[in-house]
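Hi,

Here is the structure I said I'd pass on. Have a look at it first, and my notes follow below.

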Amino acid sequence: MYCIGRRSQRAAAVTEHENICWIRQDIAEEAGVKKIFSKIAKNGGADFVLHLAGYYDFDNEEHPEFERTNINGTKYILDNTGQLNIKRFIYTSSLTVSEFTKPGTILNEKSPADATFPYAISKRICEEMILEYSYLFPSSIIRLAAIFSDWCEYGPLYMFLTGWFSNSWKARILAGKGESAVPYLHVSDVNRFINLLIKQSTLLPDYQIYVVSPDGCSTHKELYSLAMRYNFTNQAKPFFIPKGLAAIVVLIKDVFGKLIGKRPFERPWMIKYINQKMVIDASLTRKMLSWKPTGRYHINRRLLFLIENMKSNPYEWNRRNYEAIYKKGEGRPNLAILDAMLLLEEEIITKILMELTSKKYKQIFKTYQSLQPQKLKERIEVIYEILKRAIRSGDRMHIMPYANNLAIERIKENFEVQEVIQAIIKIGNVIVFNLLKHPPLQSLQPRIHDEINLTIQLIADEVEDTYERLTGFSAG
């Protein structure tokens, strides 16, 4: 199995397996995509191409990535798929390509892709391209409901739950009549559907759009009521505020957010969808594949799991959901830096390894250069991972025991303290140098120095303290 992703396999939280060949590649870089597909073709081709990649955000504004990644990236993949001799091309689209339904109407497999916001337009264009290419190889488009996991990981739902369980003045407020509604689908059901689609591929038409969603939809009022029931004995009744008043509040908050440089999640474009419902009829998909969503994974039942995870492990809950909302790090500088570190990880680690093993540093890093390159690389990867954790969480306290253990291990290996300290500093300098060259981070240069150099300084100082305490020697 070949997996193509911008991030490393570790960063994408994909378990290593002997049958997985992970390839780092931005699909919007045509030459790189062509090279990879040619290599796969020479190695025997592939049975299926599953296209999951795409850019999205909740700004609902024009962004170059909609064209660069969603449209151009999809075209490059389609252009190069023909040489693989595949059985089927599978593309994940979204139900949001269609406008919300009017009272008494539903969305199904034949609903037009007529939504007019940037993300939906990019998905519609991709669907049109896939229809054209379906004459070359069988193709399936799956329009997904709002995907969530047991940790939530769907921005709007996360904001609702966080707000409802807060001490904020808006904890019990629902906009309009609380009738805003979309369908939700658990990620496990997505996986099950894709596996079923692959297994039944030979029985399916050469081109078809599938709706992967439960029927109907879930309103904010329903979810609020269930959340209160699952978390409290006495249910707190919601306050409903008229759509017009809600619009004024959202607009004021957005204007103020722009002034202070921290816009809220709620944006003016969302006002349009107050009291609107996306009602789904997925009966054709169910009939064609003998598939239906799993009952225990319905949002109304699974909400209990989300709430328990939110209460029992708030750190992990917030970490996962911050990444889901601020996918590109916008609005959160630390996540922008983290995203760059993930993207450039292999490149930076390779450059660090080259520096530490360079002949010009033969005397400074003589003990490190005596190590096997793979072993040295693994040690660099550990420090890199520690830095990512610190940047993600904004908490450096977990670094202290790591630095202490690092010093103890190097003492056992007869490293001189000066060599260890200089290696740590060199690692930090290489990371900073490469991040400063990354175009999306040009406005964050002071923050990069603080995030990386201060953390490196903390590690170095703790290592020196431990050396001095255990051996009586220090770096200076």
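Is Trp164 buried or exposed? Trp164 is buried: its relative accessible area is 7%, under the 20% cut-off. Bear in mind that this is a predicted model.

Trp164 also has a ring partner. Aromatic pairs come to 16 in the count, and one of them is Phe160 with Trp164: the ring centres are 5.7 Å apart and the planes sit at 10°, so this pair is stacked. Both residues belong to helix H4 (residues 155-164), four residues apart, or about one turn of the helix. Phe160 is partly exposed, at a relative accessible area of 23%.

Elsewhere, ring pairs tie Tyr55, Phe66 and Tyr119 together as a cluster. Arg302 lies over the face of Phe305, 3.7 Å from the ring centre. For Arg410, the charged end sits over the ring of Phe415, at 5.8 Å from its centre.

Now for the strands. In a regular strand, side chains alternate between the two faces of the sheet. E3 runs parallel to strand E4 (residues 88-94), and four bridges join them. His51 has Tyr91 as its bridge partner in E4. To get from E3 to E4 the chain passes through helix H2 (residues 64-81), and this β-α-β crossover is right-handed.

Cheers

Technical notes: Residues numbered from 1 in each chain as written. Predicted model: local features only at pLDDT ≥ 70, side-chain atom pairs only at ≥ 80, totals over all residues. Heavy atoms only, no water. Phe/Tyr/Trp six-rings, centres within 6.5 Å; stacked < 30°, edge-to-face > 60°. Helix = DSSP H or I, 4+ residues; strand = E, 2+ residues; numbered from the N terminus. Buried < 20%, exposed > 50% of the residue type's maximum accessible area, 1.4 Å probe, protein only. Lys NZ or Arg CZ within 6 Å of the ring centre and 35° of its normal. Pairing = 2+ DSSP bridges. Right-handed = clockwise from strand over helix to strand, strands pointing away.
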